[in-house]
Amino acid sequence: MRIHKFGGPEQLLEEEVSMPLPKPGEILVRVHAAGVNPVDFKLRNGSLKLFAGKKFPRTLGFDIAGVVEKTDRSSPFKPGDRVFAMLPFKGGGYAEFVCVKCEFLCPIPGDMGMIEAAATPLAALTALQAFRKKEYLHEGHKVLINGASGGVGSFAVQIAKALGAHVTAVASSKNLDFLKELGADEVIDYTTEDFTKQSQRYHKVFDAVAKSSFKQCKRILRKGGNYVTTVPDGNLFCSMMCNFLRKKKATYIMVKPSGEDLHVIADMIATGQVKPQIETTFPLKEGQKAHQLLETERTRGKVVLTME
Ligand SMILES: NC(=O)c1ccc[n+]([C@@H]2O[C@H](COP(=O)([O-])OP(=O)(O)OC[C@H]3O[C@@H](n4cnc5c(N)ncnc54)[C@H](OP(=O)(O)O)[C@@H]3O)[C@@H](O)[C@H]2O)c1
C-alpha cells in the first residue's frame with residue numbers, strides 16, 4: 001500500500017511492486033501482519049512533511065510481524081523464524097515483503113499470534129522508552145498516564161505495572177473498565193474530572209496522546225518528577241529550555257527502533273505481564289479504512305492490517 005502524494009485516506013493505493021532485495025546485514029521478511037500507527041496517517045496527510053520530506057512513492061508502515069524468508073550466514077536468524085520489528089524511518093511495513101536490519105528484529109515470543117505481534121513494536125517501544133526518559137520509572141513510583149486506552153497508552157499501563165509502578169490511568173467514561181482490566185490502580189475520567197487539578201503527586205506524568213501541557217501538569221509532579229509527552233510543540237521546547245532552573249522537568253519521547261528494547265517487551269509478553277490490545281483488523285487492501293478509523297482518535301488499543 002503506497003502513496004504518491006499527500007492527502008486523505010484515498011491516497012493509499014494497493015500496487016504490485018518488485019520484490020525487495022536485502023542488502024548485506026539485512027533480512028528479508030515475509031510480512032503476515034502490519035500495525036497501524038497515527039504517524040502513518042500523519043505521513044500520508046503531509047503534516048510531517050517538513051520532517052519526513054516529499055519522496056514518493058512511499059510505502060507506509062513501521063510495525064511488522066512475519067517469518068524470515070531469506071538471511072545471510074552472519075545473521076542469528078534463519079528462514080522460518082517468526083519475528084517482529086519496528087522499522088526505521090523509511091518504513092515500508094504495509095507490504096508482503098520487507099528487508100529489515102538484524103538489529104531491529106526480535107523473535108516473536110512463544111505462541112503469540114502475528115496480529116498481536118504486529119500491534120506491539122512502535123507503541124510498546126514508545127511507552128518503554130518514555131519510562132526511561134529523565135528519571136527511570138522504578139518500582140513503587142507513582143505514574144499518571146493520559147490517553148491510557150489508546151495504542152501507546154494501553155501498553156504504557158501494562159509496562160508501568162510490570163516495572164512495579166503505581167498507575168493512575170486517564171481516559172473517557174467508556175474506557176474506564178478497560179483501564180482497570182489492563183491493571184491500572186486508579187482511573188480518572190477526563191470528561192468529568194481535570195486530572196491536572198487533583199491532589200495526588202506523581203514521579204512521572206506520561207501524556208501518551210499529548211493533550212496536556214507541562215505548564216498544566218507541573219503542579220501534580222513531585223519534586224524531581226518529570227513530564228513526558230509524545231508530540232512536542234513550541235511551548236514544550238520553551239519549558240525544556242528552563243529545565244536546568246527547576247527540579248521538575250519537561251521532556252518528550254521520540255521512539256527509536258530497537259531489537260534490544262523489543263526483547264525487554266517480548267519478555268514481559270512471555271511472562272504474561274503485557275498483552276497487546278487489538279481494536280480491530282483489516283486486510284492490507286483495506287488500509288484506507290484502517291486510516292479512517294485511526295483518525296477518529298477513539299480507538300481502544302491497536303489497529304492491524306493482515307496479509308491474505
Ligand atoms: N513521539 C513518538 O515517538 C510517538 C510514538 C508513538 C505515538 N506518538 C503520537 O502519540 C499520539 C498517540 O498515539 P496512539 O497510537 O496511542 O494513538 P491512538 O491509539 O489513536 O489513541 C487513541 C486514544 O486516545 C484517547 N484520547 C483521545 N482524546 C483524548 C483526550 N483528550 N484525553 C485523553 N485521551 C484521549 C482515546 O480515548 P477516549 O476514547 O477514552 O478518549 C483513544 O483510546 C499520536 O499523536 C501519535 O502520533 C508519538
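**Domains.** I began with the division of the chain, which gives domain 1 (2–120 + 276–306) and domain 2 (124–252); these bounds come from an automatic or database domain assignment. The model is predicted, and I kept to its limits: local features need pLDDT of at least 70, side-chain atom pairs count only at pLDDT 80 or more, and totals for chains, interfaces and linings use all residues. My residue numbers start from 1 along each chain as its sequence is written.

I looked up the spacing of the domains: the centres of domain 1 and domain 2, taken over C-alpha atoms, are separated by 27 Å. I then found eight residues of domain 1 in contact with eight residues of domain 2 (contact: C-beta atoms, placed from the backbone, within 7 Å). On the domain 1 side, the touching residues are one nonpolar, five polar and two charged. For these classes, Ala, Val, Leu, Ile, Met, Phe, Trp, Tyr, Cys and Pro count as nonpolar, Asp, Glu, Lys and Arg as charged, and the others, Gly among them, as polar.

**Ligand.** Where does the ligand lie relative to domain 1 and domain 2? I place it between them, because both domains give residues to the shell around it. There are 32 residues around the ligand, of which G150, G151, S172, T230 and V255 come nearest (near: C-beta atom, placed from the backbone, within 6 Å). I noted α1 (38–45), α4, α5 (151–162) and β9 (166–171) as elements that each supply at least two shell residues. Helices (H or I, at least four residues) and strands (E, at least two) are DSSP runs, numbered from the N terminus. By class, the shell holds 16 nonpolar, 12 polar and four charged residues.

**Sheet.** I traced an open sheet of six strands, in the order β10-β9-β8-β11-β12-β13, with parallel pairing; two strands pair if DSSP finds at least two bridges between them. β10 (186–189) and β13 (249–252) stand at the edges with a single partner strand each, so one side of each has no neighbour in the sheet. From one strand to the next, the twist averages 15 degrees. β12 (residues 221–229) pairs with β13 in the parallel sense over four bridges, and I found Y252 in β13 as the bridge partner of T229. I also checked α5, which packs on the sheet and touches β8 (142–146), β9 and β11 (202–207). The direction of α5 makes about 170 degrees with that of β8; axes are lines fitted to C-alpha atoms, for helices over the stretch in contact, and angles run from 0 to 180 degrees between N-to-C directions.

**Helix pair.** I looked at α4 (residues 121–130) against α9 (residues 259–270): they pack at about 95 degrees, with axes 10 Å apart. α4 and α9 are therefore roughly perpendicular (65 to 115 degrees). P121, A124, L125, L128 and Q129 of α4 meet D261, L262, V264 and I265 of α9. This contact has seven nonpolar, one polar and one charged residues.

**Backbone.** Most residues other than glycine have a negative phi, and most peptide bonds are trans. I logged a cis peptide bond between F56 and P57, with omega about -10 degrees; P57 is in the loop between α2 (49–52) and β3 (58–59). I also logged K134, whose phi is positive, near 55 degrees, in the loop between α4 and β8.

Notes: Parallel < 35°, antiparallel > 145°, perpendicular 65-115°, else oblique. Contact = placed C-beta atoms within 7 Å.
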